[in-house]
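Welcome! Take a look at it first, then read on.

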Amino acid sequence: MADIEKRRGKPVTSYDVAKKAGVSQSAVSRCYKPGASVSAKTREKVRIAAEELGYEPNAIARSLITKRSNSVAVIIPNLTNLYYPEVLAQLGQRFSKRGIRVLLFALETESDAEDALQQIWQYQVDGVIAAAKLSEKQIAEFSRRKKPLVFYNRHSNDHSASAVCCDQAEGAETLATGLVESGHNSAAIICGPPDSVVGQEREQASEARLRELGITDIVKIDGDFSYECGAAAIDKILEQHGNIPDAIMCVNDMSAIGVIDSLRFEHDLKVPEDVSVVGFDGVGPANWLSFDLSTVRQPVGRMTEAAVNMLIERIENPEIANEKRVFSGILMEGTSARLS
């Protein structure tokens, strides 16, 4: 039958499937809509009829009827940071289960979002999750276009968009407190890129807590979240400070791993006996026995689930007010630092 239809140049429609299966056309549509209520008997009838006819649902035609593209955009900076591929994988899985496609827009830097947004408007996506900094003007454009926006691990100061965040300050303060209470007297902070909101929040909270607890001997080194910047940081500390402090706080795990390798293999120092090192994020390599990093693990599963739910709710009901959900990180006490 399918071959006959193709020869005639007539595409098989849901109406044809419904007629052959002996069900309504709406029942056929429900069978291809994730999460829709349909009996197992009806679903099986439709499956058999569709296979015999060679039917495949037309996503473009369905979007014309529903006025939705069934696609969302995800903006993520710096995919070389191992935290973001994990976030992207979880977002993709959660949207896929709901029958929604994900378009990825990866930025070289957080402040490089304008070109991505211009492409996003062309794709007519139903909504956007942004793990990048957006200007007030860019955020306002979402409202003008009536497109829901949910920030991931970012937030707007005026609450003009919904957001899901890890409590960066709380996590950094926990690490700083543990280092001071276990007897450390000097510290270095390996920072993130200057346009990274997350990096700045962790850096500022770390320094403020260290000073609050009496540590004034602090050196700060510019970084970019990479392993390479962490590995190069020790030489920069020596150039600026003259000696290596007994505690090094890194605003992410990959730079902390670079620091550990540099201390061990280039400077013949023991971690944590000579220098304690902490990170932030809880990426996979942080758990490797070679590093066993003391860090704060972000609850990626809970955060991505919340972000997906918040966006879908606002796609389905644009009148829902913006909200911000903040999740506490989980302290992972490894062997890379002496923490009380």
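**The nonpolar cores**

In this predicted model, the largest nonpolar core has 66 residues, of which Ile129, Tyr152, Ile190, Leu210, Ile248 and Val277 touch the most other members. Such a core is a set of buried Ala, Val, Leu, Ile, Met, Phe, Trp, Tyr and Cys residues joined through side-chain atoms within 4.5 Å; buried means under 20% relative accessible area, with a 1.4 Å probe and protein chains only.

- Helix α13, residues 300-316, gives the most to this core, with 9 residues; helices are DSSP runs of H or I with at least four residues, strands are E runs of at least two, and both are numbered from the N terminus.
- A second core of 21 residues is separate, and its members include Ala116, Ala130, Leu134 and Phe151.
- Beyond its neighbours within four places in sequence, Leu210 is in contact (heavy atoms within 4.5 Å) with Ala176, Val180, Ala187, Ile189, Ile215, Ile218 and Met249.

**Overall build**

- There are 13 helices and 12 strands in the protein.
- Along the principal axes, the C-alpha atoms fill a box of roughly 80 × 40 × 30 Å.
- Of the 340 residues, 49% are buried.
- Looking at contacts between residues at least 6 apart in sequence, 70% join residues at least 24 apart.

**Reading notes**

- Residues are numbered from 1 along each chain as its sequence is written, and side-chain values use heavy atoms, leaving out hydrogens and water.
- Local features need pLDDT of at least 70 and side-chain atom pairs count only at pLDDT 80 or more, while totals for chains, interfaces and linings use all residues.

Note on methods. Buried means under 20% relative accessible area, exposed over 50%, partly exposed in between (1.4 Å probe, protein chains only).
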